[in-house]
Amino acid sequence: MPADGGGRGLSALAAETVMTGEAPQTVEDEIRRRIETGGPMPFEAYMAACIGAAEAGYYQTRDPFGEAGDFVTAPEISGMFGEMCGLYLAHMYELSGKPTHAVVAELGPGRGTLMRDMRHTWSALVPELAAAPVHLVETSPVLRTIQKDTIGESAPVTWHANTNELTAATPGPLFGIANEFFDALPAAQLVWQDGSWHRRMVGLVDDRIGFVDGGAAIDDPGLPNAPQDGMVAELCPEADLVMVALARSVAARGGAMLVIDYGRNGNPGDSVQAVAAHRPVDLFHQPGQADLSHWVDFAALRRAAETQGARLIGPVTQGRFLMRIGLAMRAEQAGAHASPEERRALLAAIDRLTSPAQMGEVFKVALLVSAGSGQPPGFETESS
Ligand code: SAH
């Protein structure tokens, strides 16, 4: 999540060390040990170790969301976000002819707020979706526990460690969402130098963790054309693999998955950032204590979807998408019987979700469907 100002929060300090064996082992100790024994590691391995390390990685050890944590996500800003996404998926479910054996899926559900709010919407409008089994992809044991509490006992919830496991376990069409999931998957960084792309590795420079040159790398269709010396570009092979797994499922079985994230319709350049307590920090400052994320390359995701015969429609900006599918009307309804203070809160939430100065422009929305399904609402005038 992009930084939005503020001080360093308690959550970032909560898990400074955990015990592994006899000695306290921080993520930084572990990274130093790996570099000392194996030499420099690719940047994506560093990023994976910082946020995903099984014992002490960023997401494994904390609840990072909210004003007291490190960042705030759309579902945590207002329940209207989940309602609108829920309505959208309900519409796609109806357009698909309400297939039996539909499966509800979410990648990286955080606190479970979005799934709870979507299910709440479905319970009144599409009981079939409200009754569908819920499958979540989540690696963090701390967040799995919170998700269980938030979503409650009413749904049969199954957790998976990765998307391949999810699609292998779910024979029906997937209807679901990934909000701020792809940005957390480890990104590779490359620098254009002397006529070729060089991998950025992480090693020890004067005993400090930092970038070192990994030598020339192979080219990739996702890398920018006509680069200049020193230009940085990113690739996210894991994001491509996740999209391939989802696309294979959707192409074969139908369904619709919303992908919402900050990003671009092309290579994001040098976008990886570390955020702790709503503030940008150095990428190598206290590894494992900050959220590392990157901008999502929606063009790369689209290419990955197309390899499986599926379509990734969009991206459109979050602001335009939410307005086109009726967020303002929904807020008017909600505000009709509200107090002036509640109305002000609703307007503030809409502004935060949709205004270009806040989340409206940087965040993009794309929709994964099987090939040839026309142009669904919210994406009308955009080319795919
Ligand atoms: N969708 C939520 C949370 C976004 S944060 C929201 O909008 O509030 C990213 C989420 O993805 C967290 O739940 C995190 O634990 C999970 N996550 C990060 N990397 C992951 C990975 N490699 N595999 C599975 N889940 C991952």
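**View 1. The second largest pocket holds about 390 Å³ of space.** This is a predicted model, where local features need pLDDT of at least 70, side-chain atom pairs count only at pLDDT 80 or more, and totals for chains, interfaces and linings use all residues. Residues are numbered from 1 along each chain as its sequence is written, and side-chain values use heavy atoms, with hydrogens and water left out. A pocket here is an open set of points on a 1 Å grid over the protein atoms alone, where a 1.4 Å probe fits and protein lies on both sides within 12 Å along at least five of seven lines. Its volume is the space filled by probe spheres set on the points, which are joined across faces, edges and corners.

**View 2. Here's what lines the second largest pocket: 27 residues, counted when they have an atom within 4 Å of a point.** Asp 220, Leu 235, Cys 236, Pro 237 and Asp 240 lie nearest the centre. Helix 11 (298–306) gives the most to this lining, with four residues. Strand 8 (188–193), strand 11 (232–235), helix 10 and strand 16 (296–297) each supply at least two. Helices (H or I, at least four residues) and strands (E, at least two) are DSSP runs, numbered from the N terminus. By class, the lining has 16 nonpolar, three polar and eight charged residues; Ala, Val, Leu, Ile, Met, Phe, Trp, Tyr, Cys and Pro count as nonpolar, Asp, Glu, Lys and Arg as charged, and the others, Gly among them, as polar.

**View 3. The largest pocket is the space taken by the ligand, with more than half of the ligand's atoms within 2 Å of the grid points.** The volume of this pocket is about 730 Å³. Its lining has 38 residues, with Gly 108, Thr 139, Phe 181, Ala 184 and Leu 185 nearest the centre. Helix 10 (237–253) provides the largest share of that lining, four residues.

View 4. A polar side-chain atom of Thr 73 sits 2.6 Å from a ligand oxygen, while a polar backbone atom of Gly 108 is 2.7 Å from a ligand nitrogen. For Gly 110, a backbone N or O atom lies 3.0 Å from an oxygen atom of the ligand. The protein covers 93% of the 570 Å² of accessible area that the ligand has on its own (Shrake-Rupley method, 1.4 Å probe).

Notes: Polar contact = N/O pair within 3.5 Å; in protein donor to acceptor, adjacent residues only side chain to side chain.
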